[in-house]
Amino acid sequence: MRTFNHVGILTNENQEGAMFNEGLNVWLTDYSKSPNKIEYLKFDDPAKSCLPDLVKTNGHIAYTVPSLEEALKDAKVIFGPAVCDEHLTIAFIEEEGIAIELMEIK
C-alpha cells in the first residue's frame, strides 16, 4: 500500500533553503518543511542530471512503500532503485503518463 509523501514541482526560480544535490545535479527544497509537502526542483542544466526526462520536465508525486521490491513488480521503472543512504531507497516509475517516486524508508 502506498502512502502519499510529497509532490515534486519544477521551478526556474531560486527557492529559499534549497540545497544542491551533486549526485542528481538538482537544487531541492525540504518537503518536510512545507505545509503542503512540496519539494521544489530546480535544474541548472537538466542534461547533466541522471533523473529521468519525465521528472525533469513534469515533476512527480512521491509515495512511501513498505517494500520497494514488491512495489516495482510489473511497474514501468524509469529510474533506480537507488540507495540514497542507509535509511532511504528510491525508484521512479511511470504511471498515467507521469513520474511517480516510490520511497522505502527503513
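1. Aspartate 53 is exposed, at 56% relative accessibility. Its salt-bridge partner, lysine 56, is buried, with a relative accessible area of 13%. The model under discussion is a predicted one.

2. The side chains of aspartate 53 and lysine 56 come to 3.5 Å, N to O. Both residues belong to helix α1 (residues 53–58), where they stand three residues apart, about one turn of the helix.

3. A salt bridge also joins the side chains of lysine 76 and glutamate 94, at 3.2 Å from N to O. Because lysine 76 lies in strand β6 and glutamate 94 in strand β7, this pair ties together parts that are 18 residues apart in sequence. Glutamate 94 counts as partly exposed, at 26% relative accessibility.

4. Lysine 42 pairs with aspartate 44 in a salt bridge whose closest N and O atoms are 2.9 Å apart. Lysine 42 is buried, since its relative accessibility of 15% falls under the 20% cut-off. Aspartate 44, by contrast, is exposed, at 52%, because the threshold for that class is over 50%.

5. The largest pocket has a volume of about 530 Å³. Its lining comprises 29 residues, and Leu28, Thr29, Asp30, Tyr31 and Glu39 are those nearest its centre. Two or more lining residues come from each of β2 (19–21), β3 (26–28), β4 (38–42), β6 (76–85), β7 (88–95) and β8 (98–105).

6. By class, 18 residues of this pocket's lining are nonpolar, six are polar and five are charged.

Conventions:
Residues numbered from 1 in each chain as written. Predicted model: local features only at pLDDT ≥ 70, side-chain atom pairs only at ≥ 80, totals over all residues. Heavy atoms only, no water. 1 Å grid on protein atoms, 1.4 Å probe; cavity = no way out; pocket = protein on both sides within 12 Å on 5 of 7 lines; lining within 4 Å. Points joined across faces, edges and corners; volume = space filled by probe spheres on them. Helix = DSSP H or I, 4+ residues; strand = E, 2+ residues; numbered from the N terminus. Nonpolar A, V, L, I, M, F, W, Y, C, P; charged D, E, K, R; others polar. Salt bridge = Lys/Arg side-chain N within 4 Å of Asp/Glu carboxyl O. Buried < 20%, exposed > 50% of the residue type's maximum accessible area, 1.4 Å probe, protein only.
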